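Hi,

Have a look at it first, then read on.

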Amino acid sequence: MKSLAEHEGTMTNGGIDVANSNGNESNLPGATDVDVVVVGAGFAGLYLLHRLRGLGMSAQCFETAAGVGGTWYWNRYPGARCDVESIDYSYSFDAELDEEWRWSERYATQPEILSYLEHVAGRFDLLQDIRFSTRVEAATWDDEQSLWRLRTDVGEDVACRHYVMATGCLSQPKTSEIEGHGRFGGEIYFTSRWPHEGVDFSGKRVGVIGTGSSAIQSIPVIAKQSKELTVFQRTPNFSIPARNGPDTAEKRAAADRDRAAYREQARRSRAGVPVEVAESGAMMVSEEERNERFEKAWSVGGLFATIGAFNDMLVNLTSNETLAEFIRDKIRGIVKDPVTAEALCPTNHPFGTKRPCLDDNYYDTYNQPHVKLVDLLKDPIQTITETGIDTAAVSHTFFTIVFATGFDAMTGAIVSVDITGRKGLRLADKWAEGPKTYLGLTTVGFPNFFAITGPGSPSVLSNMAVSIEQHVDWVCDLLGDLCKRGVDTIEPTEMAEAGWVQHVNDYADITLYPRANSWYMGANVPGKARVFLPYVGGVGNYRAICEEVVEKDYLGFTLDGEGQRQCNDGIIRRLQPDVAIMLGVMASMDLPPLESLSVGEARAFIAETQKQRAPGPDVGEIVDGQFPGATRDLDYRLYRPASPGPHPIVAYFHGGGWVLGGAASDDPLCRDLCVQSDAIIISMDYRHAPEERFPAAPDDGYAAVQWIADRAESLGGVPGQLAVTGWSAGANVAAVVCQTSRDSQGPAIAGQVLLTPVTDATKALSSKAENAEGYVLTSTLMDWFWDHYADPIDRANPKASPLRAADLSELPPALVVTCEFDPLRDEGAAYADALTAAGVDVEHLSARGQIHTSIPAVDMLRSGAYARQAMATALKQFFATSVSV
Ligand SMILES: Cc1cc2nc3c(=O)[nH]c(=O)nc-3n(C[C@H](O)[C@H](O)[C@H](O)COP(=O)(O)OP(=O)(O)OC[C@H]3O[C@@H](n4cnc5c(N)ncnc54)[C@H](O)[C@@H]3O)c2cc1C
């Protein structure tokens with residue numbers, strides 16, 4: 001076997017002879033040169049070649065660089081290291097390789113990682129299938145032949161059945177947008193294209209542009225050599241001490257105890273690293289305990305100890321800010337000059353929403369007298385000159401300028417190849433508004449095309465060695481299977497792709513990530529679409545999704561081959577991610593179904609679970625009192641806004657199937673509505689079944705609005721400005737109250753907001769069967785409620801089933817909110833339709849991916865926030881258009 005150096009020495013860019021480069025015949029039909037072309041020979045490309053060979057498929061890899069390694073070939077800047085511990089950031093596919101390779105440090109240097117990848121290439125005899133110093137420039141899908149035609153920069157044409165981009169997420173350096181770039185007469189270096197012979201900074205005046213990961217790693221090393229070092233910082237980044245050192249025996253022993261189990265734990269973990277997951281949020285412990293945990297994480301060093309100190313760092317801004325401030329205090333403690341310290345403190349993004357960096361004495365470097373920081377927010381760069389860099393205030397002279405300006409991440413390397421799919425569709429055009437993929441691996445219009453760690457997969461939010469292995473295994477297992485089944489092409493469906501893009505966005509939206517102008521968002525590249533690129537759902541969860549797609553016989557893919565066509569269309573994840581997580585937690589608790597309990601037990605259970613929920617926002621004032629119901633006094637709870645009154649009043653009716661709950665049971669939702677609508681919310685109790693059955697609840701509901709209308713002023717309200725709202729059975733009460741008020745000539749109701757209302761007991765609408773189980777409110781639980789509440793004969797009464805009212809005209813304007821995964825969904829939708837048909841002004845909000853109980857979960861399920869906001873907005877609109885008396 002040739003050594004890498006020998007191989008590089010004998011490399012040619014001559015004609016291709018690849019059809020049998022691995023000695024195997026192609027297994028797939030068509031006039032192809034090879035079965036598979038792999039672009040890129042980094043971590044991903046190397047493992048792909050190995051797996052494809054195992055499948056007996058012919059493969060050719062093209063690589064721009066003159067050697068293997070990808071990231072670790074190009075990024076040779078001083079101080080370059082991995083930021084995931086090497087024991088984890090390495091291949092796991094071969095137990096012997098895993099056993100034989102020993103890392104010398106906790107975070108290996110670039111040369112060590114490169115020599116590891118060279119070792120892998122040699123050990124598995126992969127070099128013969130790689131064409132180095134050859135860039136793939138264009139790829140076009142030939143629809144007639146069902147194959148890809150690729151062209152390289154040395155003019156070779158290659159035809160292949162499958163085309164896999166293993167081109168890396170961080171391999172396309174960002175071009176400089178600084179004016180004057182190119183005029184500088186001194187030395188210029190890019191961290192991402194560092195010269196192999198290294199750079200000697202001794203005695204030189206050096207400028208470094210950028211303070212991202214590469215800059216933070218290289219600055220302390222460059223500072224040691226240079227005469228003067230000036231760092232130009234646009235945005236400060238959070239950096240954590242790496243606490244690098246020899247690979248710890250302790251960690252190695254833990255991993256070696258059961259290496260296979262250790263690796264499997266990583267595969268099923270959140271970030272591809274087997275770490276303990278904290279069980280509490282940062283605000284659930286005392287300040288003292290919080291700081292203790294942060295101190296411990298700081299002393300241990302590394303990304304995962306810090307971000308994992310609590311379980312809500314990336315979803316709860318208040319929690320996140322406690323860590324951000326802890327780190328800022330550390331910076332202030334290390335950097336002696338207070339102005340420099342403050343400039344280094346990140347304040348424009350939550351911790352972790354830009355990739356945090358790991359460093360070795362980065363902040364302390366600024367205490368050296370020859371190291372200066374230029375804060376570009378205060379003194380921006382005007383131009384690069386022949387001799388240096390001019391900022392608004394100063395002309396800096398340098399011998400050397402280092403650009404550490406990052407990458408066109410995740411999509412840059414892919415769209416820099418001119419890829420044309422079916423019907424002349426260019427990938428760059430398709431992705432102009434942001435990448436659209438199914439699973440981050442495939443994209444509609446581009447059959448047999450795969451992107452390893454592509455946009456929409458966990459990729460850069462994970463230990464990429466683990467993510468790469470998972471993608472490569474998934475693609476290769478699929479290719480092997482398609483080959484056996486005689487399938488020529490595979491392509492995702494429009495529906496599957498749209499569903500995945502939605503799911504990726506939904507996940508990002510429940511986190512803090514979109515709050516940063518980061519490269520995760522494409523924000524570092526001028527003109528690039530602002531879309532959150534990676535999948536935040538976690539490595540283990542993502543792997544399970546990919547496995548499920550296959551188990552469901554390639555859900556969301558069209559397979560085509562000799563005489564057979566299969567399209568198993570569908571969307572793999574429809575529930576909102578936070579709702580799905582909550583359901584998962586509930587399922588793991590193995591709770592008894594409510595309907596299996598006695599009413600007393602069910603009430604006690606609900607009261608207990610309500611103690612665990614988030615409280616909701618603060619309001620101006622809460623007053624508890626009693627009002628005369630239809631037959632006896634009942635409780636109410638009044639929520640008054642903090643703003644000066646008087647305010648309009650909203651009568652709120654709680655959920656609980658007419659059996660459970662009370663005036664205070666929907667406290668967080670009432671607080672939220674109060675704050676967002678700036679109205680007084682009065683949660684009015686009503687008599688409950690089975691003690692007091694139908695029509696006790698609607699009778700009390702009507703008594704409640706009469707009582708409020710009669711004394712609106714003394715309650716702090718605006719007379720005549722009264723609306724009603726309710727959730728579930730409470731929305732049923734609210735709807736009936738509107739009908740009763742209309743028929744009894746008052747009081748005037750300005751509008752009704754009905755959240756997942758019960759509207760008709762008599763109809764078996766399809767949502768009742770579709771969502772019968774698995775979404776908290778089950779169809780059997782709904783039957784249990786009805787059995788307690790009303791005799792079958794009464795259920796058709798419009799006071800129990802308002803949809804059955806003979807006349808729905810002249811009712812107050814309405815917002816009806818229904819949830820996709822709710823047995824009651826179609827009842828709510830039918831009521832909205834019927835109101836509209838009767839001439840009532842109705843808005844119907846159909847909440848995608850939500851369940852019956854998720855919208856009221858204020859501060860717990862962020863995905864429902866927009867629906868709560870819509871409810872508050874509707875209330876405001878009702879009052880804006882109603883006439884006060
Ligand atoms: C400085 C740095 C440090 C990092 N540290 C970590 C870490 O600690 N942990 C971690 O998980 N991840 C880290 N990453 C991310 C890192 O990129 C991945 O971990 C991993 O190395 C990616 O492997 P890859 O094979 O997918 O892509 P790459 O290693 O990027 O390889 C892609 C290859 O494709 C080639 N290529 C691209 N386009 C073409 C074309 N058109 N024709 C031919 N060849 C082409 C490129 O030349 C490149 O060699 C780091 C990235 C950088 C830049």
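Leaving out residues up to four places away in sequence, A305 touches A297 and V300. You'll find A305 in helix α10, which covers residues 303-307. Its relative accessible area is 26%, so A305 is partly exposed. A305 and V277 sit 28 residues apart in sequence, and their C-alpha atoms are 9.7 Å apart in space. Bear in mind throughout that this is a predicted model.

Next, the helix pairs. Helix α9 (residues 287-300) packs against helix α11 (residues 317-334) at an angle of about 55°, and their axes are 11 Å apart. That angle makes α9 oblique to α11. The crossing of these two, α9 and α11, is right-handed. On the α9 side the contact is made by R290, N291, F294, E295 and W298, and on the α11 side by T322, L323, F326, I327, K330 and I334. Sorted by class, the residues of the α9 and α11 contact come out as 6 nonpolar, 2 polar and 3 charged.

From α16, the residues V466, S467, Q470, H471 and W474 meet V539, Y542, R543, C546, E547, V549 and V550 of α18. The contact of α16 with α18 has 7 nonpolar, 3 polar and 2 charged residues.

What about α22? This helix (residues 696-710) and helix α23 (residues 729-743) have axes that come within 9 Å and cross at roughly 65°. The crossing of α22 past α23 is right-handed. A697, P698, G701, Y702 and V705 on α22 meet V733, V736, V737, T740 and S741 on α23. By class, the α22 and α23 contact has 7 nonpolar, 3 polar and no charged residues.

α22 is also mostly covered, with 11 of its 15 residues buried.

With 13 residues (577-589) at 1.5 Å a residue, α19 should span 18 Å, and its end C-alpha atoms are 19 Å apart, which agrees. P577, D578, V579 and L583 are buried in α19. What do the buried residues of α19 pack against? They pack against α17 (494-509) and β29 (842-851).

As a reminder, most residues other than glycine have a negative phi, and most peptide bonds are trans.

- D125 isn't a glycine, yet has a positive phi of about 55°. It is in the loop between α5 (110-123) and β3 (130-131). At a relative accessible area of 35%, D125 is partly exposed.
- D553 has a positive phi too, near 55°. Look for D553 in the loop between α18 and β20 (557-561). D553 counts as partly exposed, at 30% relative accessibility.

And there are cis peptide bonds to look at:

- The bond from G645 to P646 is cis, with omega near 0°. P646 is in the loop between β23 (633-640) and β24 (647-653).
- The bond from A689 to P690 is cis, with omega near 5°. P690 is in the loop between β25 (680-684) and α22.

One last residue. Setting aside neighbours within four places in sequence, K204 is in contact with E187, S226, K227, E228, F399 and T400.

Cheers

Key: Residues are numbered from 1 along each chain as its sequence is written. This is a predicted model: local features need pLDDT of at least 70, side-chain atom pairs count only at pLDDT 80 or more; totals for chains, interfaces and linings use all residues. Side-chain values use heavy atoms; hydrogens and water are left out. Helices (H or I, at least four residues) and strands (E, at least two) are DSSP runs, numbered from the N terminus. The expected span of a helix is 1.5 Å times one less than its number of residues. Buried means under 20% relative accessible area, exposed over 50%, partly exposed in between (1.4 Å probe, protein chains only). Contact means heavy atoms within 4.5 Å. Axes are lines fitted to C-alpha atoms, for helices over the stretch in contact, and angles run from 0 to 180 degrees between N-to-C directions. Angles under 35 degrees count as roughly parallel, over 145 as roughly antiparallel, 65 to 115 as roughly perpendicular and the rest as oblique. A crossing is left-handed if the near helix is turned anticlockwise from the far one by less than a right angle, and right-handed if clockwise. Ala, Val, Leu, Ile, Met, Phe, Trp, Tyr, Cys and Pro count as nonpolar, Asp, Glu, Lys and Arg as charged, and the others, Gly among them, as polar.
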